[in-house]
Amino acid sequence: MTAAVFDPGAAATEATDAILRDTLHGTARGVVVDSPPGAGKSTLVVRAALELADAGRPLMVVAQTNAQVDDLVLRLAEKNPELPVGRLHSSDADPYDKALDDLPNVRKSAKAGDLNGLSVVISTAAKWAHVKVDEPWRHAIVDEAYQMRSDSLLAVAGLFERALFVGDPGQLDPFSIVGSEQWAGLSYDPSASAVTTLLAHNPELPQHRLPVSWRLPASAAPLVSGAFYPYTPFRSGTDHGDRTLSFAVPSDGSGPDRVIDEAAESGWGLLELPARHTPRTDPEAVRAVATVVRRLLDRGGAATSERSPDAAPLTADRIAVGTAHRDQAASVRAALTELGVTDVTVDTANRLQGREYDVTVVLHPLSGRPDATAFHLETGRLCVLASRHRHACIVVCRAGVSDLLDDYPSTEPVQLGTLVKFPDGWEANHAVLARLAEHRVGWRP
Amino acid sequence: MSLISTLARLEAVSTGRAQPAATVRHRRLSERPLVFVPLTTAGEAGAPLGALVGTDRDAPHLLVVPQPRDRDLRFAFLAELADVVLPYIDAYAEDVEAAERNETDPETGQRVKVEVELCADAPQLIVPSRAGVDFVRLLGRSMRFRRTAEQDPEAPYPAPPRVPLLGRWLTHFAERARVPGSSLLLAMTDVLARHWATGQSTLEDQHLGALLAWIDLPDGETGAEAALRAELARDRDGQLLCPPAGPATDPAFDNKLLAPAIERYDRARTALAAAEDGLEADDRLGDLTAAEREIRALVASRTRPTWDAVWRGLDRLRELPEAARVEERWTRDRWSFTGHRDRVVAGEPPQPRHDDAVTAANKLAAREREQARLEAQEALDDPLVMAGRRLSGEAFAGEVTDVVMAYSEGKRPSPRPLVTVRTDDRPHLGERAKVFRSLGGKPQSAEFVGYEGDAEDDSALIVLRVLDKMGRGKEPEEGSVPEKGDVLCFTLFEHEQRGGAKLPDPEQTPWTHGGPPGEPESEAADPLTEEDVL
């Protein structure tokens, strides 16, 4: 045993301790934490919230979606059922997860005034923006801060004195549905991410990062780290062989079955369809995705991992399908229903952010396209799609994407004063394709 | 590009002419728009070469800068432009009606209604293309910080009196043009491309001549042929038959015609300055005037075809009836116009170079709201636009086949009727998705319950639960619940936009965004640089 051997647990603990030290005892008004996919961001948020509450500091938590808020409330209650937690929600119908009704110490209200005095109050950024306070909260935690837009931080930043900002810089940047070029280069560009603005105005804030991904398997972490986090590498918490995926029913020799076996073996699989320009909802590709999912379920998959040494069955809720566009997701859902598959999550990259599955099936964002737009080249989109899985990721794609990439280098205008984002989407796409090419299976044998 | 616009473009290719992309006109066209066709000097950002401007299609004002690098001539051009544009704007500023606006009472902090003036109509500027909008913005920026001799006797190059004011107005028009659905400043190419689909790319659609070639087709030709001719055809001297809509000019024109003419003008001017007696000066003044007239003729020859094209485009657009909700959006333009009029009258400083953090965030939020509003309103106003949304699964239309009365649970049961709609559309309905239909101009919402049985052929039976707009009683008000046989259209998108949260005042800008911006300092015009040779 030498000192050079990497102990993921120890490295992660060390990072977490430093973050909590800065958060609880530091002097800076803000602490920024970069977290790669599955590095225990939620665990960190829950732990920081509990410690701040223990220290008697009233805490507000800002998350981006209602699902994230409900998830945090459930995790907090799981760790400390005694903790009085407030869930501030909207006045729409069904504003929160019904599971919260079973938690005795969680108070729910659409009015911030009703939640006064509770140790922790949690809500979405959109809801917090409507809250008025006489005295700001001593502390805040801003979750998914890289997915939060600068203007929504502007709306809530007056509510707290200091804050812990946690997020994943590699995922999708926030977007706006109208042009915002006129503010490009301004430190407070309202369409930029909250962290970009925060650091532009407060460059001295301590910045940390979590060094270990517990979600991504050893087969995926180096690729995702190298392609999407070239200057802030991370490791997987598990090693090769710690996780296995096996199937009771042998392959029938078809493309879908062979790609499943390839992915089970190596962590990656590329099911390649013949080159063709198609509409966005490419019927053949959609059918291929649905068939792969159907076969994953039919073949009696079993997953072993550090969590469960006994093989856990690969059920529908452990599989997800990811697409770039909503209409693609809808088409895949329809195709799955035709094959009698229900309960498999099918969603766009935006909505899959922060989620985790055993196996993911991805319709490549550039599959069948005649052109490569900035939307489809965005690194975050591919990063989200390629980093949701614990065991294996199967990509369905038309041939010819790497030629397409060469035909369409990124041509976005360079704006003065903006930080050039690395890696660029073109390069990241090539890196992922090159790796996938090693695990290519043709649609027909 | 949506599926329906791809289809329309394919049809345009196969039929050889533009296909309608709308059945009504989605932008306001003023009865008396001010058309502005500017040209700029190659290689000199913000140095106008000339323009045609005016409200009378048969009698445009021709403004020319015979030597674009001469600051005095440039100012003379801008002063002339101000003499045309500002009286046009002022005519609208004076005609007002009474209106109410919600304001925060500074003492109580309560929202109160205040009686204010609202201009009864607003001016409208029309430029040929998107580049023209950018040029209006650039002109506005170059003028609004200028100081007149009256404001600042020390200013090195004092601007003519009304030029800074024109700069503020052009800035306002150009900024308003960034708001989706606004009509204060329109680019003709954008408006035409909104209403017709051509058989060429969206990039090619930005060439006004080529775009009109598809839409306003000469007899016996296809759109593709006519567009190609508009783009490339040249006369014997190598000049384009259809000059670009500007503000940039064709290099062949610059090199072969304009540069020699300007050189002759420069020579004549130098000669005049060197004249030794009155008789000689008279002669040379004649040469100078001739040289200037030549440049004026050149500028007129390159702007007039574009001028006529803009009016032809207006003719075509006026053939379409105005969409129902355009009036509402135009009222917002009138508010915007009135607001700027009031700021000018109140003696406020010109718009700053950069927005502060709060202003930028407010503008972005407002534009996003307007974009969503525009998309919803265009679909509700226009069955062809709605067809596109139906095709993309964001709406569905069909006949009501069954209505079953049901009630909500609770102490006071309210009506929650179940409505079954048969549709051939394929909407992307998620579990308990909300859908909306227009009921007397207001959105009525319903909830997706599920699909019923197997409908024959390709249609689906969609069961919805109607949620609101049925009155307060136990029984729904008459006409508020769909009836069997009604043909309805439901959308998955909302019809109206909620206002966003109020942002802090700029003085309350938080530490994350750099804190309060501090006192606004009066901004100076751009300083002189070595490149400013004249």
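Predicted model: local features only at pLDDT ≥ 70, side-chain atom pairs only at ≥ 80, totals over all residues.
In general, the strands of a sheet pair through backbone hydrogen bonds, in either a parallel or an antiparallel manner.

One pairing within the sheet of chain A may be described in detail. Strand β2 (residues 59-63) of chain A pairs with strand β5 (residues 120-124) of chain A in the parallel sense, and five bridges are found between them. Within this pair, Ala63(A) stands opposite Thr124(A) in β5(A).

Helix α1 of chain A contains Ala11(A). Ala11(A) has 16 C-beta neighbours inside 10 Å and therefore counts as partly exposed. When neighbours within four places in sequence are left aside, Ala11(A) is in contact with Phe6(A), Pro211(A) and Val212(A). Between Ala11(A) and Arg287(A) there are 276 residues of separation in sequence, and their C-alpha atoms are 43 Å apart in space.

Chain B also contains an open sheet. Five strands form this sheet in the order β4-β3-β2-β7-β8, with mixed pairing. At the edges stand β4 (61-64) and β8 (185-187) of chain B; each has a single partner strand, so one side of each lacks a neighbour in the sheet. The twist from one strand to the next averages 20°. Strand β3 (residues 48-54) of chain B and β4(B) run antiparallel and are joined by four bridges. In β4(B), Leu63(B) is the bridge partner of Ala51(B). Helix α3 of chain B packs on this sheet and touches β2 (34-40), β7 (125-127) and β8 of chain B. Its direction makes about 145° with that of β8(B).

A further pair of strands in chain B forms a hairpin. Strand β5 (residues 96-104) of chain B and strand β6 (residues 111-119) of chain B run antiparallel and are joined by nine bridges. Glu103(B) has Val112(B) as its bridge partner in β6(B). Six residues lie between the strands of the hairpin, in which Gly109(B) takes a positive phi near 75°. Of the nine residues of β5(B), the number buried is zero, so this strand lies largely in the open.

Two helix pairs of chain B were also examined. Helix α3 (residues 130-144) and helix α4 (residues 163-176) of chain B pack at an angle of about 145°, and their axes are 7 Å apart. The crossing of α3(B) past α4(B) is left-handed. Among the residues that make this contact are Val133(B), Val136(B) and Leu139(B) of α3(B), together with Leu166(B), Leu170(B) and Phe173(B) of α4(B). By class, the contact has ten nonpolar, four polar and four charged residues.

In the second pair, the axes of helix α5 (residues 188-195) and helix α6 (residues 208-215) of chain B come within 10 Å and cross at roughly 30°. This angle makes α5(B) roughly parallel to α6(B). The crossing of α5(B) past α6(B) is left-handed. Met188(B), Thr189(B), Leu192(B) and Ala193(B) of α5(B) meet Leu208(B), Leu211(B) and Ile215(B) of α6(B) in this contact. The contact of α5(B) with α6(B) comprises six nonpolar residues, one polar residue and no charged residue.

Finally, the two chains touch each other. The contact takes 26 residues from chain A and 25 residues from chain B. On the side of chain B that touches chain A, helix α11 (residues 357-381) of chain B gives the most, with nine residues. This side of chain B divides into 13 nonpolar, nine polar and three charged residues.

Technical notes: Residues numbered from 1 in each chain as written. Chains lettered and ligands numbered in written order. Axes fitted to C-alpha atoms, helices over the stretch in contact; angles between N-to-C directions. Parallel < 35°, antiparallel > 145°, perpendicular 65-115°, else oblique. Left-handed = near helix turned anticlockwise from the far one by under 90°. Contact = placed C-beta atoms within 7 Å. Nonpolar A, V, L, I, M, F, W, Y, C, P; charged D, E, K, R; others polar. Pairing = 2+ DSSP bridges. Buried ≥ 20, exposed ≤ 12 C-beta atoms within 10 Å, placed from the backbone.
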